[in-house]
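Here are my notes for your review. Please read them with the structure open.

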Amino acid sequence: MNGIQSITLKDDVTLISLQDSPADIALVSRIFQMISDAGIDVDMISQTPPHGSDPSLSFTVNGDDFGKVLGISAKLRELNPELKLNVSSGNCKISIFGEEMRGTPGVAAKVFSAVSKVKADIRMITTSEVDISLLVVKADADMTVDAIREIFA
């Protein structure tokens with residue numbers, strides 16, 4: 001698939017966004033320790049630059065862990081009362097993987113072009129040198145995967 005080894009789809013992913021989270025790595029560490037202590041497995045993590053004074057911190061969990069996140073939400077707010085918790089459930093994670101992506105310009109551009117053609121509702125993007133992960137609403141998942149496969153065929 002022209003540098004792409006696999007495209008995978010994971011169903012039932014919940015996006016948790018903590019808005020107005022101070023840019024304080026000690027606080028981020030405490031947040032993720034509380035999540036870990038609750039037995040919640042975190043997948044995608046993204047922190048945005050500040051819009052105003054504070055950044056937003058987002059992460060995904062399996063849909064089965066959504067209740068556990070709600071269970072610790074009060075404790076998270078105790079760490080910072082200004083913290084706003086937003087939840088978006090029923091999403092799908094699409095992962096595009098390929099060792100050959102490393103050092104190959106344009107792979108992300110092709111993926112984003114394919115996704116734009118189907119007008120998918122993208123909730124989150126994370127990348128590495130060999131992986132591009134997209135969080136999309138469930139209704140857009142299959143057509144998004146098809147569009148990505150087509151562009152790399």
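**Notes on the cores and strand β3**

1. Start with Ile94. Leaving out residues up to four places away in sequence, Ile94 touches Ile7, Thr8, Leu9, Ile132, Ser133, Leu134, Val136, Ala141, Thr144, Val145 and Ile148. Bear in mind that this is a predicted model.

2. Ile94 belongs to the largest nonpolar core, which has 19 residues. Ile94, Ile96, Val111, Leu134 and Ile148 have the most contacts inside this core. Two or more residues come from each of β4 (84-97), α3 (107-117), β6 (131-137) and α4 (138-151).

3. There is a second, separate core of 17 residues. Leu18, Leu27, Ile40 and Val69 are among its members. In soluble globular proteins, nonpolar side chains tend to be buried together.

4. Now strand β3, residues 57-62. Why is β3 described as largely enclosed by the rest of the structure? Five of its six residues are buried, that is, under 20% relative accessible area.

5. Check the pairing of β3. Strand β1 (residues 6-19) pairs with β3 in the antiparallel sense, over six bridges. In β3, Val61 stands opposite Thr14. Strand β2 (residues 42-47) also pairs with β3 in the antiparallel sense, over four bridges. Here Gln47 stands opposite Leu57 of β3.

6. Look next at Asp65, in the loop between β3 and α2 (66-79). Is Asp65 buried or exposed? Asp65 is buried, because its relative accessible area is 10% and the cut-off is under 20%. Beyond its neighbours within four places in sequence, Asp65 is in contact with Gly39, Ile40 and Asp41. Ile40 is also included in the second core.

Conventions. Residues numbered from 1 in each chain as written. Predicted model: local features only at pLDDT ≥ 70, side-chain atom pairs only at ≥ 80, totals over all residues. Heavy atoms only, no water. Buried < 20%, exposed > 50% of the residue type's maximum accessible area, 1.4 Å probe, protein only. Pairing = 2+ DSSP bridges. Contact = heavy atoms within 4.5 Å. Core = buried A, V, L, I, M, F, W, Y, C linked by side-chain atoms within 4.5 Å.
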